[in-house]
Amino acid sequence: MSTGSHLMRLPLSSCLGFALLCSLGVAARADCVSLVSGAGGAAFWHGVEQGARQAAQETGLQLYFRGPSKETDPQAQLRIVERMLAHGCRALIVAPSGAAVAERMRQLKDQGIAVLYIDRDLGGDEVIGAVVTDNHQAGLLAARQMARLLRGRSRVGVLRPDSQASSVAERSAGFIQGAREAGLDVALEARLPVHDYMPSAADLQVLETLDGLFTVNERTTQSALAVLRRAGRSGQLVHIGFDADPLLVEALRRGELAALLLQQPWEMGYRSVWAAHQYLRGARPGPRHEPLAALYVDAQRLDDPAIRHLLPLAD
């Protein structure tokens, strides 16, 4: 994940002034916005950053962008939030790594800082809005398409990271609901450790017996694809992944993946910065929840102009 931030050098007196304002719980600057991303999914967060920077350029806002290396530690993300607050921006965009983030966001709201959630929504009133993928609907879509592709076969599984991120939980829940509604047998529901994203020995045994598999984000899709390749099973079961990097796009072209569900990261970053800009200008906040659809993409759709702009470029 790109974690670089565009830092602006300030005179010492200005830095001291901002430090004093932050210590008083006051954010002074309406000319900047900070964005604290989630972890994992390098291609996804790179797309979010690109969209955010485009919106920042259009609105004249200074953008600071940074994120954690792991999803399992909301405290690590909160430490990044504290560092970002030193810039003194009156607007903060966060992809919350867990429920522990909400309490700090509520405190910032009371201090006059406008907070928006991106990519996942904790559902509270601590934010002025949330720009997110409709993750539950994405899981339902994956299950319905899988049932169609299985043509009577029924043994399926879902792999997700063992994190507190609500986005992956909603995708997994949506898939399980949709699979059961379609009469599929959900034989595997596994959480992968985020230090290596590898299934356990017991999970690998069940994986060998599946007709279909849904992997809920970029890293789990990459890991599952590697496991299936080693077992000689890639392309032999219906594997629907989530998000994309060049490796996954190539696997889809080769038939090792049945489909990918693609989010709209550029649009997510772009809309979130524009929403912050409008708030800073005194405009009324729009709808609190702004869902973006995940798009079902099989090999035949990869060259569709409406899809190509969502695909990461190969190095």
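Tutor: Two strands are said to pair when DSSP finds at least two bridges between them. The helices (H or I, at least four residues) and strands (E, at least two) are themselves DSSP runs, numbered from the N terminus. This is a predicted model, in which local features need pLDDT of at least 70 and side-chain atom pairs count only at pLDDT 80 or more, while totals for chains, interfaces and linings use all residues. Residues are numbered from 1 along each chain as its sequence is written, and side-chain values use heavy atoms, with hydrogens and water left out.

Student: In β5, which residue is the bridge partner of I118?

Tutor: The bridge partner of I118 in β5 is V131. Strands β4 and β5 pair in the parallel sense over 3 bridges. On β11, which runs parallel to β5 and is joined to it by 4 bridges, P291 is the bridge partner of V132.

Student: What is the order of the strands in the open sheet?

Tutor: Strands of a sheet pair through backbone hydrogen bonds, either parallel or antiparallel. Here the open sheet has 6 strands in the order β2-β1-β3-β4-β5-β11, with parallel pairing. Its edge strands, each pairing on one side only, are β2 (62-66) and β11 (289-292). Neighbouring strands of the sheet are turned by 15° against each other on average, direction ignored.

Student: Which strands does helix α2 touch as it packs on the sheet?

Tutor: Contact means heavy atoms within 4.5 Å, and angles run from 0 to 180 degrees between N-to-C directions, the axes being lines fitted to C-alpha atoms, for helices over the stretch in contact. Helix α2 (residues 42-59) touches β1, β2 and β4 (114-118), and its direction makes about 170° with that of β2. Helix α3 (residues 74-85) also packs on the sheet, touching β1, β2 and β3 (91-94), at about 165° to the direction of β1.

Student: How many residues of β5 are buried?

Tutor: A residue is buried under 20% relative accessible area, exposed over 50%, and partly exposed in between (1.4 Å probe, protein chains only). In β5, 5 of its 5 residues are buried. Both faces are covered, with G129, V131 and T133 on one side and A130 and V132 on the other. Of the 315 residues of the protein, 52% count as buried.

Student: Where is R160, and how far away is the nearest side chain of opposite charge?

Tutor: Lys and Arg count as positive and Asp and Glu as negative, with His and the chain ends not counted. A salt bridge needs a side-chain nitrogen of Lys or Arg within 4 Å of a carboxyl oxygen of Asp or Glu. R160 lies in strand β6 (residues 155-161). R160 is buried yet has no salt bridge, the nearest side chain of opposite charge being D162, 5.9 Å away. Beyond its neighbours within four places in sequence, R160 contacts residues including V168, A190 and V216.

Student: What is the phi of D119, and what is that of Y197?

Tutor: Most residues other than glycine have a negative phi. D119, in the loop between β4 and β5 (129-133), has a phi near 75°, a positive value. At 3% relative accessibility, D119 is buried. Y197 has a positive phi of about 55° and is found in the loop between β7 (185-192) and α7 (201-207). Y197 is buried too, with a relative accessible area of 6%.
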